[in-house]
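Please look over the sequence and the structure shown here. A short report follows them.

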Amino acid sequence: MPLRKEKKPLLCFDQNGIYCEPAGVYLDPWKPVDKAIITHGHADHSRWGHKQYITHHTNVPIIKHRLGEIEVSGKEYGETFTINNVKFSLFPAGHIIGSSQVRVEHKGEVWVFSGDYKTEDDKLAVPFEPVKCHAFITECTFGLPAFKWLPQEQVMNDINSWWQQNQSEGKSSVLFGYSLGKAQRLLKFLDPAIGKIFTHGAIENMTEVLRPFADFPETIRITRETKKEEIRGGMVLAPPSAHGSTWIRKMVPFETGMASGWMAFRGARRRRAVDRGFVLSDHCDWQGLLASIKATGCERVICTHGYTEIFCRFLNEIGYDARTAETQYEGELAEMNSKSDDENDDQ
Amino acid sequence: MEEFAALIRELDSTNKTTVKVAALTRYFQRVPDKDKVWAIAILSHRRPPRPVNTTLLRTFAAELAKIPLWLFEESYHIVGDLAETIALVIPPAEESSEKSLTQYLEEIIDLKSATEAEKKEYLHENWAALNYYERFVFTKLITGSFRIGVSQKLMTRALSKATDIDEDVLAYKLMGDWDPQKITFQKLILEENEEDFLSKPYPFYLAYAIEDEPKDLGNPADWSAEHKWDGIRSQVVIRNREIFVWSRGEELVTDKYPEFSAFLEVIPDGTVIDGEILPFPGGDIGTFNDLQTRIGRKTVSKALLNKVPVILKAYDVLEWEGKDIRTLPYLERRKILEKLHATVATEDLPFHLSETISFSNWEEATVERERAREVKSEGLMLKRWDSPYLVGRKKGDWWKWKVEPLTVDAVLTYAMRGHGRRSNLFTDYTFALWKDDELVTFAKAYSGLTDAEFRQVDAWIKRNTLERFGPVRSVKPELVFEIAFEGIAESNRHKSGVATRFPRILRWRQDKTIEEANTIEELKQLIPK
């Protein structure tokens, strides 16, 4: 069945977020609303102040940790729940633990909102699963042909050998990654045989929340009492905001690394002034985006955040009905630049 | 090539000088001599001429990546570096290349005379066969400079460690014109060969800007002061009845300034003079703008020679009677220079002395510095009377003490993405001043804000774009910046009617609205009469 062109679209963008009018529900709203379906726990998608939250059950403890006591109900992947005759269901997005795409079905028409997603199975989040739909609302954080990710295994091998190399020179390795998602992905594949793994408070707190869902190596929280000598040669996981802070002085002598998709650009690495950049992203690369869109079988694409205009123009050239929409999602840039709620914890 | 790519990668992935020197030293100890010569040539900006223009490079790369050309262009604007963009968009190769750095460079030199179809075939074949980083380095060899924070000084230090030859001696050997294709490592670095030195200038001694008050330099009697001229720093070498004029960029510019051939008749062999080439239209020092008309020309017309003749404002002598006298105290070298000048100077000879200024206390020097714009200088140079002529930028004996810059408040009107570490950020700005109700462009500036400020302005630009013209965006006139510049002159080539020298951002005036920005008229009032 083709998309109804004459009527108001099933999902539209208003000042509060992505709105499903027949259901009276918002998806990842950026202003406080009554009922919000949340794709994942990053701050630009799960905001404070909604009356009622609906999200994947794994994401429940994550947003509770971030937002405190909220009214939230958890759903399984594939479980259908109906609001005012509109059928909703969540499907894995592979972005971080507990991340979902939202499928919305009404009168035979199907829309999918991707949230943030990646196609590579990171062996931590439930892998991304394309969902057939008529219209697909997609992010395109890395929507340029310049982005091509290497397999995670290869990047993690590089990270572990970098750690080993630093250790042989008597230095610690400080690796920056966002405290929710990237930090745990790194942690899961660090090789504890090399040495001890230390964490910044913000990362340790989030990791504690996630330990029931995955098997992580042992970590040591860095506190005021942690001895400088104890850290030496170890791996320290820290949020990007810790770079250049006083907190980091305890790690001297150390080398710094950052894991992010942006590290694909030499300029970005130099701007961050880190010693090593590791190209590792929780978003799709160019081919990942194109393959995912194709797999949905959709005819209409709406690009929310990233290189939206360029990506859209390309989609139009290859035959999609694509347009852009203004949102307040920020993707991996936000994950690198802003502080999460508890990264000010200097302990 | 594998090793050179690995070297560039290592240099590129650290900000620490010691690590860079160590990597370079290891490289120089490890690779064959021929590759060493090429590595030295590349790191001292002696690349072969570009064999393929960038338009063709883009087209070939987009074809191989199977993407439309516009998409390649957009990616390039965001990545901010052509070679890097090419390396990123082409699908990765599995193996790494067997060819040596020398072999690649020889092929690149031969490529210049190839047909377009041959160029395409060569590039496609090599891009596809190289892994990401080798492909980046290979393309860089074709397109231009490596911005990897390796100065010639740093490279020379590493070469010195690898060869046990003194750094200053190496710096001298590497000066001037040598062809990496013809010269051997033995001849360039290891051999002592007097003949080769015939045309060579000495490494320039460069001053740092003074940090504190000049009175912290101590006793004024220990210091010489002269005006800091705004021309082209040059050495004039006269040996064996030949004259060679070198610019500070180690470019041989003898043919561009035929005026100086007159020196051969009066200045003896075995003389090297350090000074400034200055424009001298109508028998008076001109502006840097005047000099611009001479800089670009390989051959100079008689008309231009008459309109904008040049002079050498001499301030030092480095070789005299065939002897290197750089270790003599400045005072002694000045005596030789002044005596030479007194003997040979005539009204027609373009040989002027940069006069030293007598002062008995720092206040008097300060007063003289204030006259800088009046005499068309940038401020003062302070040199210790007992200082030798050192190599490169060294602290201690020579200081530049510039006048405070001129400033205006201007409105940000256009922005472009930067390059290198500023790629993907809008950091290259165009500024405008009021002319009646209109904002008229007067200068471009790229520096002066902190990284944090650039990020803030970048975010503002993305939200306040009016129009896009390829990489350039016009923005809502709203932000005001204080722009500083060293000099100012009338100009027909600029829409504003004014050319500024070294414009840069002094500060972001968040306290000012665009109505409070200056006018073109106010700018013109700063032009010295």
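The report below walks through selected parts of chains A and B. The model is predicted.

**A strand in chain A**

Start with strand β16 of chain A, which covers residues 254-259. How many of its residues are buried? The count is 6 of the 6, so β16(A) is largely enclosed by the rest of the structure. Its side chains point two ways. Phe254(A), Thr256(A) and Met258(A) face one way. Glu255(A), Gly257(A) and Ala259(A) face the other way. Both sets are buried.

β16(A) has pairing partners. One of them is strand β12 of chain A, residues 172-176. The two run parallel and are joined by 5 bridges. Within this pairing, Val174(A) has Thr256(A) as its bridge partner. Another partner is strand β17 of chain A, residues 276-278. Here 3 bridges join the strands, and they too run parallel. Gly257(A) stands opposite Arg276(A) of β17(A).

A helix belongs to this picture as well. Helix α6 of chain A spans residues 266-272. Together, β16(A), α6(A) and β17(A) form a β-α-β unit, and it is right-handed.

Now look at the loops on either side of β16(A). Pro253(A) sits in the loop between β15 (235-238) and β16 of chain A. The peptide bond from Val252(A) to Pro253(A) is cis, with omega near 0°. Most peptide bonds are trans. Trp262(A) lies in the loop between β16 and α6 of chain A. Is Trp262(A) buried or exposed? Trp262(A) is buried, because 22 other C-beta atoms lie within 10 Å and the cut-off is 20 or more. The C-alpha atoms of Trp262(A) and Leu280(A) are 8.4 Å apart, although 18 residues separate the two along the chain.

**Where the chains touch**

Next comes the contact between the chains. On one side are 24 residues of chain B, and on the other are 17 residues of chain A. Two elements of chain B give two or more residues each to its side: α5 (69-79) and α6. The largest share, 5 residues, comes from α5(B). By class, the chain B side holds 9 nonpolar, 9 polar and 6 charged residues.

**Two helices in chain B**

Helix α6 of chain B, residues 82-89, also packs on helix α9 of chain B, residues 132-143. Their axes are 8 Å apart, and the angle is about 145°. The crossing is right-handed. From α6(B), the contact uses Leu82(B), Ala83(B), Glu84(B), Ile86(B) and Ala87(B). From α9(B), it uses Tyr132(B), Arg135(B), Phe136(B), Thr139(B), Lys140(B) and Thr143(B). The classes here are 6 nonpolar, 2 polar and 3 charged residues.

**A sheet in chain B**

Chain B has an open sheet of 5 strands, in the order β2-β13-β11-β3-β10. The pairing is mixed. Which strands are at the edges? They are β2 (208-209) and β10 (356-357) of chain B, each of which pairs on one side only.

Further in, β11 (377-384) and β13 (398-402) of chain B pair in the antiparallel sense over 5 bridges. Leu382(B) has Trp399(B) of β13(B) as its bridge partner. Helix α17 of chain B, residues 362-370, lies across β3 (223-229), β10, β11 and β13 of chain B. α17(B) runs at about 150° to β11(B).

**Loop residues in chain B**

Most residues other than glycine have a negative phi.

Another loop residue is His419(B), found between β14 (406-417) and β15 (426-435) of chain B. His419(B) counts as partly exposed, because it has 19 other C-beta atoms within 10 Å. Which residues does it contact, leaving aside neighbours within four places in sequence? His419(B) is in contact with Gly80(B) and Asp81(B). Its C-alpha atom lies 20 Å from that of Glu134(B), a residue 285 places away along the chain.

Methods. Residues are numbered from 1 along each chain as its sequence is written. Chains are lettered from A and ligands numbered from 1 in the order in which they are written. This is a predicted model: local features need pLDDT of at least 70, side-chain atom pairs count only at pLDDT 80 or more; totals for chains, interfaces and linings use all residues. Axes are lines fitted to C-alpha atoms, for helices over the stretch in contact, and angles run from 0 to 180 degrees between N-to-C directions. Helices (H or I, at least four residues) and strands (E, at least two) are DSSP runs, numbered from the N terminus. A crossing is left-handed if the near helix is turned anticlockwise from the far one by less than a right angle, and right-handed if clockwise. Two residues are in contact if their C-beta atoms, placed from the backbone, lie within 7 Å. Ala, Val, Leu, Ile, Met, Phe, Trp, Tyr, Cys and Pro count as nonpolar, Asp, Glu, Lys and Arg as charged, and the others, Gly among them, as polar. Two strands pair if DSSP finds at least two bridges between them. A residue is buried if 20 or more other C-beta atoms lie within 10 Å of its own, exposed if 12 or fewer, and partly exposed in between; C-beta atoms are placed from the backbone. A crossover is right-handed if, with the strands pointing away from the viewer, the path from the first strand over the helix to the second runs clockwise.
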